[in-house]
Amino acid sequence: MRMVQLDDLDRAILRLLKEDARLTISEIAERLNRPESTIHFRIKKLQERSFIEKYTIVLGEQLRPKTLAIVYVQAETPIIEDFLERYIQYLMKTLSLLPNVLAVARSDKDGVLAIIGGENREQIDKFVEETIKVMPTLKRVEVFPVNEFIKGDSLAGFLVSV
């Protein structure tokens, strides 16, 4: 991550908006004890500089999966190594289209990480066995259950589709 120069006011505005993107300019101004015109100008500049890309919601617990796991999938290296890149792209696209898959990311040249959600550990294990492990030419599939978040506990609420 490249370091970006933001002053204390910009950081304070971003913290408040990350906490609750529904805050009005007047509410932010009141909390930060600054004029509304200053807050409006700063938010506009943050948007123009792409520090604020969009405003979104985090879904509540009723819509979030109750159990999460991180799944690591490693592809077999094909005889013709040029095919590996295409296969990894295929794997990522296929995984991203599956229900229960909340996020997909590349890991090294032959690996893919997926965040999987479900009602319980058994459902996740069944999903991995019946949907992921049956994909062709996989070298390794490992499931890492997520027991507790110290930071980012609303991640699933942000990622889950409805």
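Let's start with the buried residues of helix α1, which are Leu-9, Asp-10, Ala-12, Ile-13, Leu-14, Leu-16 and Leu-17; buried here means under 20% relative accessible area, with a 1.4 Å probe and protein chains only. Helices are DSSP runs of H or I with at least four residues, strands are E runs of at least two, and both are numbered from the N terminus.

A quick word on what we're looking at: this is a predicted model, where local features need pLDDT of at least 70, side-chain atom pairs count only at pLDDT 80 or more, and totals for chains, interfaces and linings use all residues. Residues are numbered from 1 along each chain as its sequence is written, and side-chain values use heavy atoms, leaving out hydrogens and water.

Back to α1, residues 8-19. What do its buried residues pack against? They pack against α2 (25-32) and α3 (36-48), where contact means heavy atoms within 4.5 Å. At the start of α1, a side-chain oxygen of Asp-7 comes to within 3.2 Å of the backbone nitrogen of Leu-9.

Now, the cores. A nonpolar core is a set of buried Ala, Val, Leu, Ile, Met, Phe, Trp, Tyr and Cys residues joined through side-chain atoms within 4.5 Å. The largest has 22 residues, and Leu-91, Ile-116 and Ile-132 have the most contacts inside it. Helix α4 gives the most to this core, with six residues. Apart from it lies another core, of 13 residues, including Leu-9, Ile-13, Leu-16 and Ile-39.

Last, the hairpin of β2 and β3: three residues sit between the strands, and Asp-108 takes a positive phi near 60°. Thanks, everyone!

Note on methods: Two strands pair if DSSP finds at least two bridges between them. Buried means under 20% relative accessible area, exposed over 50%, partly exposed in between (1.4 Å probe, protein chains only). The expected span of a helix is 1.5 Å times one less than its number of residues. A polar contact is a pair of N or O atoms within 3.5 Å; within protein, one must be able to donate a hydrogen and the other to accept it, and residues adjacent in sequence count only if both atoms are side-chain atoms.
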